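The sequence and structure come first.

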Amino acid sequence: MQHRRTENLVVFFFKKMWVFLVLIGTAAVSAHLQDLAFDGQKVFRVIPQNDEQVEIINSLASNIQIDFWQPDSVTLVRPNMQVDFRVEAEESSEVEDLLKESGMEYRVLIDNLQAALNAQFDSKARTTRHGYEKYNNWETIAAWTADIAAQNPDLVSRSVIGKTHEGRPMYLLKMGKSGPNKKAIFMDCGFHAREWISPAFCQWFVKEAVETYGKDTVMTTLLNSLDFYVLPVVNIDGYVYTWTNNRMWRKTRSKNAGSLCTGTDPNRNFNAGWCTLGASKNPCDPTYCGSAPESEKETKALADFIREHLSTIKAYLTIHSYSQLLLFPYSYTYKLPSNSEELNSIAQAASKQLASLYNTKYTYGPGATTIYPAAGGSDDWAYDQGIKYSFTFELRDTGRYGFILPESQIKPTCEETLLAVKYIANYVLEHMY
């Protein structure tokens, strides 16, 4: 059986040899072809039981184009780990045959990615205008940042903290009643371009703040006592690209010297164990750490702003998807932060708050041990700057739709996440340092 399986692998890879020759000639640029048609593409979930099965996944990934959804990279795959990945239409049946042959536990999460992509736009609020229960493109979000500030001058102001690689202004909203010596919480969304539910939450949070101020006692207290800095989209160029060219894009859109591959993973680009664990030095990889810490204009602008406001920023929240996780440092090392017990109890209580609405279950804990090691993340960096309440949310779902979460889930996702964010913010207010 082992011999036949190896034989099948060899045959399978030889059949793909022409693909490699093309790849060699184009320096893996085919990994990022524009205008990808997703018809017939499948998303598989496999659970390798041992090192031999992990090796099969490694072999697959090195020989055909595989987009890892969970974990972020093939290098992070371990035995007994749930692994979600996307394959091209023409390869999907052969990949499935190979998985069957290997005896690996697997299932098809998404049978036709294009159908799932079409189905994500299921909001009843289909309009070109901005809406909180639909996915908005960047142009719409940018206009909204101006509108929300103009409509709520006592609560919201807008500034520009930098420009992206492609020259787009990075808008930051500052929320709160003006007052002397106010401390602040920084929250960002949209690090990874394809995680559309993330920017949707930042917009929802701002809406809830302005609509419930003066009505909801907790929100009123928070906005009277604290400022919230909200960066609705960090990786704007990448987000635009997911609307115009490739819905599955993850990284920034910067050029890489000596490579035809574009972009850096902004959440591997911070100076926190930079490019050690769970990050790649290969510009063609989805977890490419960049040429240096803060090589990206977007990460540099974010880091500069936080450094300039370190005396007031007391918590850092960064919103990603998917997996339903609430993580705290560290991800670049297995060692625990000095206040890990406190962070764990906050995460536990916040997860409980979140689950109280729709019974959505979150897993919580330090990043490296709860999911996998990943160096260069913004949460670890913020923590090491002295911001001792630093959390990463991975929003819905756990893989049924993955990055293609339907619009009909925006409202419940945002409502439940808001409960957790309000809990953390209130805790920070009551434990000021």
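Leu99 is located in helix H4, residues 89-102; helices (H or I, at least four residues) and strands (E, at least two) are DSSP runs, numbered from the N terminus. The model is predicted, so local features need pLDDT of at least 70 and side-chain atom pairs count only at pLDDT 80 or more, while totals for chains, interfaces and linings use all residues. Residues are numbered from 1 along each chain as its sequence is written, and side-chain values use heavy atoms, with hydrogens and water left out.

**Leu99**
- Leu99 is buried, at a relative accessible area of 2%; buried means under 20% relative accessible area, exposed over 50% and partly exposed in between (1.4 Å probe, protein chains only).
- Neighbours within four places in sequence aside, Leu99 is in contact (heavy atoms within 4.5 Å) with Phe44, Val46, Phe85, Met104 and Tyr106.
- Gln53 is 46 residues from Leu99 along the chain, and their C-alpha atoms are separated by 9.4 Å.

**Strand S1**
- Six of the six residues of S1 (residues 42-47) are buried, so this strand is largely enclosed by the rest of the structure.
- Both faces of S1 are covered, with Lys42, Phe44 and Val46 buried on one side and Val43, Arg45 and Ile47 buried on the other.
- S1 pairs in the antiparallel sense with strand S3 (residues 83-87) over five bridges; two strands pair if DSSP finds at least two bridges between them.
- S1 also pairs with strand S4 (residues 105-110) in the antiparallel sense, over five bridges.
- Phe44 stands opposite Phe85 in S3 and opposite Val108 in S4.

**The eight-stranded sheet**
- An open sheet of eight strands has the order S5-S6-S8-S7-S9-S12-S10-S11, with mixed pairing.
- S5 (156-163) and S11 (363-366) stand at the edges with a single partner strand each, so one side of each has no neighbour in the sheet.
- On average, neighbouring strands of this sheet are turned by 20 degrees against each other, direction ignored; axes are lines fitted to C-alpha atoms, for helices over the stretch in contact, and angles run from 0 to 180 degrees between N-to-C directions.
- S7 (residues 183-189) and S8 (residues 226-231) run parallel and are joined by six bridges.
- Met187 has Val230 in S8 as its bridge partner.
- Helix H10 (residues 297-308) packs on the sheet and touches S5, S6 (169-175), S7, S8 and S9 (313-321); the direction of H10 makes about 130 degrees with that of S5.

**Ala368**
- Ala368 belongs to helix H12 (residues 367-370) and is buried, with a relative accessible area of 4%.
- Beyond four places in sequence, Ala368 is in contact with Tyr330, Ser331, Thr333, Tyr334 and Pro373.
- Tyr334 and Ala368 are 34 residues apart in sequence, with a C-alpha to C-alpha separation of 5.7 Å.

**Cavity**
- A cavity is a set of points, on a 1 Å grid over the protein atoms alone, where a 1.4 Å probe fits but cannot get out; lining residues have an atom within 4 Å of a point.
- The count is one cavity of 30 Å³ or more.
- The largest cavity has a volume of about 250 Å³, a volume being the space filled by probe spheres set on the points, which are joined across faces, edges and corners.
- Its lining has 23 residues, of which Asp72, Asn267, Ile371, Tyr372 and Glu394 lie nearest the centre of the largest cavity.
- S2 (66-70), S9, S10 (325-328) and S12 (389-395) are the elements that give two or more residues to this lining.

Key: 1 Å grid on protein atoms, 1.4 Å probe; cavity = no way out; pocket = protein on both sides within 12 Å on 5 of 7 lines; lining within 4 Å.
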